[in-house]
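Open the model in your viewer and follow the stops below in order. Each stop says what to select and what is there.

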Amino acid sequence: EKDGHDWFMRKEIFEQPRAVADSLLGRRNADGLLQLDEMRLSDQDLREVDKIIIIAAGTSFYAGMVAKYAIEHWCRIPVEVELASEFRYRDPILTASTLVVAISQSGETADTLQAIRHARVQRSKVLAICNTNGSTIPRESDGVIYTHAGPEIGVASTKGFLTQLVACYLLALYLAQVKGTRFGDEIAQVMDQLDEMPGHIESVLAKSEEVYALARDHVENRSVLFLGRHAGYPVALEGALKLKEIAYLHAEGFAAGELKHGPIALVEEGLPILCVVPPRGRDQLHDKMISGIQEVRARGARTLCLAEEGDTAIEPYADVLITLPQVPVLLQPLVAVVPLQLFACELATQLGHDVDQPRNLAKSVTVE
Ligand code: M6R
């Protein structure tokens, strides 16, 4: 049942190329236009949307953070991302033209469910992104985008996350199509890039031994930091969450630009910092990240860098370098998170923990 793997989590990490491909399947019609089968919200409804609030918990929340970058960039609609457990207690401003997007792998998370109930009472439309057919959250929503990860058994979400990212990109592109904020050929180009992602993820998985060796080098560490920028920031947060959940290590993710506002005080000799380096060439993101990495290295941190192939500028500052395929910055989370999943899985295995059933955690959290 685990296909020769020791854990469901590891099996599910290796299933990701298929899960991503399945989640992309059948999304374009004969004219090349995007179609989302269970969207159920009419084009007219969507054209009226003037604000989007994404609600989710845990890993699904990090998918929501990536969605914000994609939707704002492609559709020019303001997006807020909110932890489900905080949402209804802060008296959020909801109207009939607010679209609430609830992201939940299980479709049963109580915090997220209560949040959408609250939104619907305020007459907002709710769209679910969910991996579980017929679960409560999609049943209580106005429309759904189903992900096709297949059942996820490991408590730590992996393929669930990647397919949520795919659904978020599809939603962003669909809104761009309906609202006319992007030309059809631009949308088609991104869809083509998405279709290449399963192959790219495969090429990252082919480097698993390199990542496992890195994990084995860090079994003695009690603390690991993660740095990212732009779409790499939620990846850093997700990498840290994986390590907390299954390796029980103190792990924290930071936006690289925030370092100087406090967290850099944590850096001491030998502290491992996993750095998600953005692709080169846009908005100085890459250069800014490199200067952040220089800063922590100058203070003794051991820099473990994930950077795109051919990025020679990072070499002098990386104690360890794992290369990623060249992909656009917004899509980079789909490849960059994979080594972080492998790293956490291997580290937890080396520490002798039960990777699939970590202490104190349940697969779906059905209490508020
Ligand atoms: O089923 P959901 O996507 O609503 O679950 C949300 C979180 O409970 C979930 O992502 C949790 O953080 C995972 N254990 C992360 O690996």
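**Stop 1: the ligand**

This is a predicted model. Select the ligand: 15 residues surround it, and the closest are Ser60, Ser104, Ser106, Thr109 and Glu245.

Now show Ser106, where a polar side-chain atom lies 2.7 Å from an oxygen atom of the ligand. How much of the ligand does the protein bury? Taken alone, the ligand exposes 410 Å², and the protein buries 89% of that.

**Stop 2: helix H2**

Select residues 16-24, which form helix H2. Colour Gln16, Pro17, Ala19, Val20, Ser23 and Leu24, which are buried. Look down the axis of H2: the buried residues fall within an arc of 165°, so they line one face of the helix.

Next, find what covers them. The cover includes helices H1 (8-14), H8 (159-179), H9 (184-195), H10 (197-205) and H14 (333-350). Just after H2, select Gly26, which takes a positive phi of about 70°.

**Stop 3: the whole chain**

Zoom out and show the cartoon: the chain has 14 helices and 10 strands. Its radius of gyration is 20 Å, close to the 21 Å that the globule rule gives for 368 residues, so the chain is as compact as a globular protein of that length. Buried residues make up 58% of the 368 residues. Among contacts with a separation of 6 or more, 75% are between residues 24 or more positions apart.

Definitions and conventions
Residues numbered from 1 in each chain as written. Predicted model: local features only at pLDDT ≥ 70, side-chain atom pairs only at ≥ 80, totals over all residues. Heavy atoms only, no water. Buried < 20%, exposed > 50% of the residue type's maximum accessible area, 1.4 Å probe, protein only. Helix = DSSP H or I, 4+ residues; strand = E, 2+ residues; numbered from the N terminus. Arc of directions from axis to C-beta. Contact = heavy atoms within 4.5 Å. Near = heavy atom within 4 Å. Polar contact = N/O pair within 3.5 Å; in protein donor to acceptor, adjacent residues only side chain to side chain. Areas by Shrake-Rupley, 256 points an atom, 1.4 Å probe, with all protein chains shown as cover. Rg over C-alpha atoms; globule rule 2.2 N^0.38 Å.
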